[in-house]
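Colleague: I have a model open and would like to go through it with you. Could you put it up so that we both see it?

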Amino acid sequence: MAATLLHNAEIVNEGRRYRGYVLTDGQLIVRTGEESTLPADGPDSLSALRQKADTVIDCRGGMLLPGVIDTHVHFRDPGLTEKGDIETESRAAVAGGVTSYIDMPNTRPATVSRQAVNDKIRRASEVSAANFGFFIGATNDNISELLSADYSRVAGVKLFLGSSTGNMLVDDNSTLTELFDKSPALIAVHAEDEAIIRASRDRLLDECGGTIPVERHPDVRPRQACIEATRRAFGLARKTGAHLHICHISTADELSLIKEAKAEGVNVTAETCPQYLLFDRNDFDRLGARIKCNPAIKEASDRIALLRELLPGGCIDTIATDHAPHLLAQKEGDALTAASGMPMVQFSLRAMLELLDTDPELESVGPERIVELMSHNPARLLGIDRRGFIREGYYADLVVLNPDNPSDRPVKVTDSDVAGRCGWTPLAGVCLSRKIRMTMVNGIPAYSEGIFAEPHGQPLRFDGAEKD
């Protein structure tokens, strides 16, 4: 099988940065280390490694990272494919350095059975540019499907405590108790209280005369809806010992609840998304429905609180995108009629690295922490087999960024840059300094210098326990 040597790279992996190399053979990493430790000549020298390789890539001092694992995407396949599908959105993923993703179940039909999961795996095996996994969705009446699923092939259970795409709201108390008590897998929760949302919506309809401006979306889905649903989920996890994963944290109040729960020993992990770190409600004035998502983007103080939890020792465990494309025509309307969700998978890594250079809240944070939150911890969270790290014997899922050259001007993102089907991004007009030079999936470049290879993503395997 073909061997590739990547060298002269600034490797960022497991809390360290160093000038190093990676040698792959077929799908796997067979050797990696610091170039300074190699002898000048002999069978272990860099020259000898070059001779062993069929392809040699000089990274020219650019960053070499383990590929991003995005544990929260909506690739719209099946049933919503006018917005995107597994083929188009996985191409956007690899263009952004994402080598593996976990897709959510609120499609049409919803992925709430073992057969539906198998159908998605079959489809992705044919067309996905990145490696893939899928959540199975909970409903009020599919507990038997959830308990009999093969969680070596299924990432976990997705539970909606607030309505979203696909109307998968679970509001039956006995079902919730049974699910938390018996689930053998992680339960990933969309935590918003539906009763609070309905009351807020009705109040605002009266207040605004029947049409609620899009900038009032944070009031339609207020912070209290997130707080109460998260508190309820913690109660179930505390009582049963289930592994609870709170998705897309958007408020400072939830951070306080998470810290309390972790201090008590509750088995809880927490995710936030780039949009909650990049935007606050003041940005509705210039971006409108482009930043309308569920949960809603909140106050500037929430954004700052979330940024601070990215510091080492913070309570945020993972950064995922909640990538949810819609056509721009579907984003027109008010706070109730404009579609909720935005495409983020293609620019998430670059945007997070840019934040390190531009946001004073992160001035002490290096790319090592971003790699931990976007590659290492997602692999640990789901027990993903041999991915998320640059290690010998692991799959060669790698991303190479262009070297940081002071003479290069930051590149302004445009809608035309989007590789996904929707053709727009909320980051249009934002300047990003770093560029994705190459994304390698299973030892083969899936994206290189703007060119996509034939899809060769593979199904992920899970063992439900931390692999470290």
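Predicted model: local features only at pLDDT ≥ 70, side-chain atom pairs only at ≥ 80, totals over all residues.

Colleague: Where is the place of P109?

Modeller: P109 sits in the loop between strand 7 and helix 3 (114-127), where helices (H or I, at least four residues) and strands (E, at least two) are DSSP runs numbered from the N terminus. The peptide bond joining R108 and P109 is cis, with omega about 0°. Residues are numbered from 1 along each chain as its sequence is written.

Colleague: What is the mean pLDDT of the chain?

Modeller: The mean is 95, and 97% of the residues reach 70 or more; pLDDT is the predictor's confidence in each residue, from 0 to 100. Confidence is lowest in strand 15 (residues 411-412), at a mean of 92, and highest in strand 7 (residues 98-103), at 99.

Colleague: Back to cis bonds: which peptide bond to P295 is cis?

Modeller: The bond from N294 to P295 is cis, with omega near -5°, and P295 is in the loop between helix 11 (284-287) and helix 12 (300-308).

Colleague: And R76, what is its phi?

Modeller: R76 is not a glycine, yet its phi is positive, about 70°. It belongs to the loop between strand 6 (68-73) and helix 2 (86-95), and its relative accessible area of 2% makes it buried (buried means under 20% relative accessible area, exposed over 50%, partly exposed in between, with a 1.4 Å probe and protein chains only).

Colleague: New topic, is V399 buried or exposed?

Modeller: V399, which lies in strand 14 (residues 398-401), counts as buried because its relative accessibility is 0%.

Colleague: Which residues of helix 13 and helix 14 make the contact?

Modeller: Helix 13 (residues 348-358) and helix 14 (residues 367-382) pack at an angle of about 145°, with axes 10 Å apart; axes are lines fitted to C-alpha atoms, for helices over the stretch in contact, and angles run from 0 to 180 degrees between N-to-C directions. S348, L349, M352, L353 and L356 of helix 13 meet P367, I370 and M374 of helix 14.

Definitions and conventions
Heavy atoms only, no water. Contact = heavy atoms within 4.5 Å.
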